Amino acid sequence: MAFTQRHLLGLEGVPADEITAILDTAASFKEISERDIKKVPTLRGKTVINLFYEVSTRTRTSFEIAAKRLSADTINISASASSTCKGETLADTARNLEAMRPDAIVVRHPSSGACHLLARHLSCPILNAGDGCHEHPTQALLDLLTIRGHLGRIAGLTVAIVGDILHSRVARSNLHALRTLGATVRLVGPPTLVPPELRALGAELHTRLDEGVRDADVIMMLRIQRERQGANFFPTLDEYAQYFCLTEEAVRLAKPQVIILHPGPLNRGLEIASAVADGPYSVIMDQVTNGVAVRMALLYLLIARSKAEDALEPEALAEPSRRRTGGRG
Ligand code: NCD
């Protein structure tokens, strides 16, 4: 299995076999969360710090559950409770945390590139849990796992990503990974929210919802990121909803077996109609379930797998009693 990354900073430039290795490992971990006792000893004695400088419900909880299911100790730090309030820089905070010898640091930060900066200063693995408008690699990986689980493949699919592309780290990470794995990616939204330079990354751009979703295998809706919008990118929320809210009527233009994704949190009635979010094509809750497996896989690959003495085949993790006796070398 190919996995050579020291950190997970983004999916830009990560080769197809490495992405597939993460997805295969995540698929093998899903079963642990279905057990009565949802815990394996894989990361016992390891410490994972969740350093969150932005609000988060799903992602922070998902990382914490993932670490706990692998028996790691977790520490959650939110910006409002950290020394940032006393003027400490991000790099200094991280250096101090590293001096306490964690085995991985999960970082969410409002500035694009914050995780890359930390990776230059620290030696323990950094996992990007969303940096500004740049990348959100674990979200894209859980999206890929969900698509692969429902449709059996990624290559050859047409994926329409709809909404606030400009401010979306989810869209960027998905664009990189979906293109690497051979999908066609359509970016759909009002011209002010679909940056033309993304065409250079292999995306098709659409400014009409009907054209964008026609015959799509997958529709991924994005939240309008009001907190990141310094200017007016569309006249009113009502007008945005009128043209870009995913309704049942718009869904009928896609392939009959279409699946509908949304990273959450949802703005019901703005970017997605409730009938669609809760309807038969929605796989939004599967995304949340898969998020735990993807984060378990990444913590495992980045922490345990890099250390020969801890190495276990993922198959063996499904049955903790079947520990391999020989080292992997
Ligand atoms: C996304 C994020 O924070 O980037 N949400 C998430 O991680 N579940 C998308 C969003 O906030 O719209």
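Where is Leu-127 found? Select Leu-127 to begin: the residue is found in strand S4, residues 126–131. Helices (H or I, at least four residues) and strands (E, at least two) are DSSP runs, numbered from the N terminus.

The model is predicted, so local features need pLDDT of at least 70 and side-chain atom pairs count only at pLDDT 80 or more, while totals for chains, interfaces and linings use all residues. Residues are numbered from 1 along each chain as its sequence is written, and side-chain values use heavy atoms, with hydrogens and water left out.

**Stop 1: buried positions**

Remain at Leu-127. Its relative accessibility is 0%, and it therefore counts as buried; buried means under 20% relative accessible area, exposed over 50%, and partly exposed in between (1.4 Å probe, protein chains only). Leu-127 and Leu-266 are 139 residues apart along the chain, and their C-alpha atoms are separated by 24 Å.

Next, select Leu-118 in helix H4, residues 114–121. Leu-118 counts as buried because its relative accessibility is 0%. A C-alpha to C-alpha line drawn from Leu-118 to Thr-93 spans 9.9 Å, across 25 residues of sequence.

Then move to Ala-66, which is placed in helix H2. With 0% relative accessibility, Ala-66 counts as buried.

**Stop 2: the ligand and its shell**

Select the ligand, which sits in the largest pocket. A pocket is defined on a 1 Å grid over the protein atoms alone, as an open set of points with protein on both sides within 12 Å along at least five of seven lines. A molecule sits in a pocket if more than half of its atoms lie within 2 Å of its grid points. Helix H2 (58–69) and helix H6 (169–180) are the elements that give two or more residues to the shell around the ligand.

Which residues are around the ligand? Display Arg-58, Thr-59, Arg-108, His-136, Gln-139, Arg-169, Val-170, Arg-223, Gln-225, Pro-263, Gly-264 and Pro-265. A residue belongs here if one of its heavy atoms lies within 4 Å of the molecule. The shell divides into three nonpolar, five polar and four charged residues. In this grouping, Ala, Val, Leu, Ile, Met, Phe, Trp, Tyr, Cys and Pro count as nonpolar, Asp, Glu, Lys and Arg as charged, and the others, Gly among them, as polar.

Now inspect individual contacts. Select Arg-108: an N or O atom in its side chain is 3.1 Å from an oxygen atom of the ligand. Select Gln-225: an N or O atom of this side chain is 2.9 Å from a ligand oxygen atom. Select Gly-264: one of its backbone N or O atoms lies 3.0 Å from a nitrogen atom of the ligand. Taken alone the ligand exposes 310 Å², and the protein buries 93% of that. Such areas come from the Shrake-Rupley method with a 1.4 Å probe; for residues, only the protein chains shown count as cover.

**Stop 3: a cis peptide bond**

A cis peptide bond joins Gly-264 and Pro-265, with omega about -5°. Pro-265 lies in the loop between strand S9 (259–261) and helix H10 (274–277).

**Stop 4: loops**

From H10, proceed to Ser-282, in the loop between H10 and helix H11 (284–304). Is Ser-282 buried or exposed? Ser-282 is buried, with a relative accessible area of 18%. Its side chain reaches the backbone oxygen of Ala-277 at 2.8 Å. A polar atom of the Ser-282 side chain also lies 3.4 Å from the backbone nitrogen of Ile-284.

Select Ile-165 next, in the loop between strand S5 (158–162) and H6. Ile-165 counts as buried, at 0% relative accessibility. Ile-165 and Leu-193 are 5.7 Å apart in space, C-alpha to C-alpha, and 28 residues apart in sequence.

**Stop 5: positive phi values**

Select Arg-101, in the loop between helix H3 (90–98) and strand S3 (104–109). Phi of Arg-101 is near 60°, a positive value in a residue other than glycine. Arg-101 is exposed, with a relative accessible area of 62%.

Finish at Asp-215, in the loop between helix H7 (209–213) and strand S8 (218–221). Phi of Asp-215 is near 60°, again a positive value in a residue other than glycine. Asp-215 is partly exposed, with a relative accessible area of 44%.

Methods: Polar contact = N/O pair within 3.5 Å; in protein donor to acceptor, adjacent residues only side chain to side chain. 1 Å grid on protein atoms, 1.4 Å probe; cavity = no way out; pocket = protein on both sides within 12 Å on 5 of 7 lines; lining within 4 Å.
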